[in-house]
Number of protein chains: 2
Amino acid sequence: MVTESPSLKQAITPHVYINQLSAHVDQEVTLKGWLYNMRSSGKILFPQLRDGSGVVQCVVLKNAVQPELWESLKGLGQESALIIEGKVRADSRAPGGYEIDVTNAQVVQEVHDYPITPKEHGTEFLLDHRHIWLRSRRQHAILKIRHTVVRAVRDFLDNDGFTLCDAPIFTPAACEGTTTLFAADYFDGEKAYLTQSGQLYNEATAAAFGKVYCFGPTFRAEKSKTRRHLTEFWMVEPEMAYATLDDVLTLSERMLSYIAARVLADRAEELKVLERDPAKLEAIVPPFPRLHYDDAVKMLQEGRAKGLLEARFEWGGDFGAPDETFISGHFDKPVMVHHYPAEVKAFYMARDPDRSELALGVDVLAPEGYGEVIGGGERATSLEYLQQQIATHELPPEAFEWYLDLRRYGSVPHAGFGMGIERCTAWMCGIEHVREAIPFPRMMYRLRP
Amino acid sequence: MVTESPSLKQAITPHVYINQLSAHVDQEVTLKGWLYNMRSSGKILFPQLRDGSGVVQCVVLKNAVQPELWESLKGLGQESALIIEGKVRADSRAPGGYEIDVTNAQVVQEVHDYPITPKEHGTEFLLDHRHIWLRSRRQHAILKIRHTVVRAVRDFLDNDGFTLCDAPIFTPAACEGTTTLFAADYFDGEKAYLTQSGQLYNEATAAAFGKVYCFGPTFRAEKSKTRRHLTEFWMVEPEMAYATLDDVLTLSERMLSYIAARVLADRAEELKVLERDPAKLEAIVPPFPRLHYDDAVKMLQEGRAKGLLEARFEWGGDFGAPDETFISGHFDKPVMVHHYPAEVKAFYMARDPDRSELALGVDVLAPEGYGEVIGGGERATSLEYLQQQIATHELPPEAFEWYLDLRRYGSVPHAGFGMGIERCTAWMCGIEHVREAIPFPRMMYRLRP
């Protein structure tokens with residue numbers, strides 16, 4: 001049964017949020033939220049109220065409230081909308097340290113048969129109900145940590161002198177080939193492709209602002225259903241003029257350490273909810289191990305020799321997920337694998353001047369099997385080299401004329417990287433699948449809700 | 001002519017940015033940037049160097065440097081890439097307060113015939129060259145202010161207890177009808193629409209987190225080429241559970257005032273470059289005038305009677321750009337027009353309980369003809385009412401089942417708004433067209449670069 005209360009009675013005591021209760025001990029307050037759970041014990045009800053900022057246990061004594069109020073409260077189902085007035089009592093035994101002695105309450109909406117119950121639900125059911133699954137303690141904790149990751153990234157870059165220059169979402173050409181691009185209908189039959197990376201645009205803004213970043217959604221039409229993939233995910237991409245591969249390694253190290261420290265400082269409660277061992281995050285401090293691609297290949301070949309990997313890895317290939325997991329398993333902090341074969345990297349990568357088969361690129365592999373969280377490197381500066389590369393990769397040259405202008409007019413060494421926000425969040429949280437690290441995940445067979 | 005310097009010589013003195021010169025007076029430093037302009041006077045060159053953080057004038061005395069260096073510098077064209085070593089000298093007559101007495105320099109790339117010259121260029125030419133136009137002082141200033149606007153919005157909301165919950169870009173259904181939606185090809189022939197607003201998703205996350213915001217790109221396939229329109233623009237949308245229209249008015253007022261104060265505090269130099277009168281921003285302080293729609297209509301009808309408006313405005317319509325400009329022209333700060341006819345507002349708007357033909361909505365109109373910068377209001381809470389509305393607007397009911405769940409399970413009064421970042425930035429900057437308020441504008445006939 002559902003009832004409606006179109007307008008609320010004005011409460012007399014001040015509205016406070018549950019995460020502010022410590023400032024209101026022994027005071028009368030009003031809380032506005034939803035019923036998270038309720039126990040009863042004869043003439044006492046223990047409704048747990050959540051309001052988005054936290055959960056608090058309330059105590060309703062039958063003898064202390066109006067009989068109508070007792071009746072209206074005692075049968076309420078989970079997620080009933082509820083305004084509670086009462087006195088804040090400090091109680092070290094209570095989960096958050098406080099309880100509310102209820103003096104009055106208003107049922108805004110009585111709810112029964114809330115679909116998500118404490119019993120186990122299947123993944124598809126939960127994803128179909130993502131719009132309310134978000135209210136669950138675990139999902140709530142993950143998205144609070146996502147917010148902290150985003151905030152930490154922006155604070156870090158802003159305080160380090162980077163200028164936000166958002167790259168466009170609609171692009172006429174592809175950064176890394178067109179097979180994994182989503183196409184949209186623009187005007188008059190023209191196609192626009194949804195960005196996979198702001199990289200090329202960052203190179204233009206870095207020449208204007210020195211140090212820049214873009215931070216927005218990116219899209220990959222990959223027919224892949226692994227636990228690491230979303231078709232729509234957020235990415236931050238810093239880019240620096242007059243910078244080299246080494247600057248990218250240092251920046252990656254500093255930024256990831258800063259993110260981990262902020263999550264530890266600001267989200268201790270959420271890490272507890274997720275049963276995430278803080279030691280895993282405390283380990284993320286500079287310096288990170290640096291591993292030349294040659295040595296990573298040796299490591300994989302030794303793993304194969306010991307029977308720890310199924311297939312033999314040959315020099316020249318790109319790593320698959322099992323390879324990344326094997327390599328990162330040797331370290332308790334992120335490992336920075338650098339100097340990949342140019343063949344497996346993007347066309348715009350600079351080459352090692354001493355070994356031209358190698359690209360001045362790096363992948364930062366997170367520990368615990370979370371895979372590549374950062375990919376980046378130094379960009380080629382030579383006009384002639386890039387013209388060759390565009391021809392070799394069979395990219396449409398006219399689409400890159402503007403990009404080549406950046407090599408005609410003030411070309412300087414520059415470098416940067418991209419970091420996927422959801423992959424980083426999943427790693428911070430210690431959760432299995434990136435789909436829980438974004439409010440409304442989009443996957444190959446998932447466009448709803 | 002273009003030359004390449006693949007690797008840079010290591011400078012001995014520390015690399016500093018031009019905006020840090022005040023901390024290095026009388027010290028030897030290295031600056032890395034591009035030639036912005038050069039004057040010469042016999043045996044002295046005055047190259048102006050820009051590095052993204054600022055512009056500084058350098059002084060090269062022919063007798064004080066190697067002859068080869070003098071030769072390599074004297075013919076350099078605009079945007080040549082240049083590393084300069086020299087001593088910082090405080091000079092109150094110099095534009096930024098400092099000059100550099102050059103001791104050494106390295107030409108990283110010699111450039112001639114840079115396409116953007118001090119002469120006037122046409123708009124199409126500049127937009128075609130947006131990737132380098134960004135280096136111009138005026139464009140640089142505008143995008144610095146855009147960064148400050150974004151930063152101010154996020155700081156304001158984060159410090160006010162809002163949780164960032166990004167809404168999806170790919171959506172299966174439209175928020176406000178499908179005529180202005182861009183469609184993309186998802187998998188297996190399915191269409192995904194690019195979001196116009198995170199509104200509906202915000203209502204789900206507000207029920208989970210109390211106070212939330214989404215902040216991302218939004219898309220409008222409007223065949224409109226006015227100075228206020230982009231097909232791709234960024235929008236911030238806060239939403240609050242247990243909140244009313246009045247809370248939206250207060251939040252709008254506080255947020256816009258905070259943005260203006262931050263721009264004034266952090267971007268004084270850029271406002272000077274743009275010749276923006278700071279008094280216009282200083283006026284943006286609470287309280288903002290509040291104007292009932294009925295009174296706005298009277299104002300328009302009086303304007304018509306005085307011959308100040310071409311057409312007579314009838315009660316019940318939505319305002320056009322000339323109407324908004326006329327109304328906002330009465331005030332030197334934003335005016336909040338509230339209680340619009342429900343007919344012209346979105347289907348999910350709550351109705352005024354006392355006059356059901358009115359929606360509990362507000363448009364905040366910026367002064368100086370910048371139009372609506374904020375639109376928002378209170379959302380309908382009743383399941384039955386929304387079912388009716390979906391039928392009346394001929395929206396596909398199955399696409400909104402998840403949304404209706406929010407009214408089935410814990411429906412409470414809630415409210416929020418959306419603010420367009422580029423429109424707000426254009427207003428802060430005092431510039432004519434929103435296309436300059438985003439790094440790479442997308443318009444009806446503009447998908448490049």
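The model is predicted, with local features needing pLDDT of at least 70 and side-chain atom pairs counting only at pLDDT 80 or more, while totals for chains, interfaces and linings use all residues. Side-chain values use heavy atoms, with hydrogens and water left out, residues are numbered from 1 along each chain as its sequence is written, and chains are lettered from A in the order in which they are written.

Select Glu79(A) and Arg50(A) to begin, a salt bridge whose closest N and O atoms are 2.8 Å apart. Glu79(A) lies in the loop between helix H1 (67–74) and strand S4 (81–90) of chain A and Arg50(A) in strand S2 (residues 44–50), so the pair ties together parts that are 29 residues apart in sequence; helices (H or I, at least four residues) and strands (E, at least two) are DSSP runs, numbered from the N terminus. Glu79(A) is buried at a relative accessible area of 1%, and Arg50(A) is buried at 3% (buried means under 20%, exposed over 50%, partly exposed in between, with a 1.4 Å probe and protein chains only).

Next, select Arg276(A) and Glu368(A), whose salt bridge also has its closest N and O atoms 2.8 Å apart. Arg276(A) counts as buried at 9%, whereas Glu368(A) is partly exposed at 35%.

Finally, move to helix H4 (residues 137–159) of chain B, where Asp155(B) and Arg151(B) lie four residues apart, about one turn of the helix, and form a salt bridge with closest N and O atoms 3.4 Å apart.

Key: A salt bridge is a side-chain nitrogen of Lys or Arg within 4 Å of a carboxyl oxygen of Asp or Glu.
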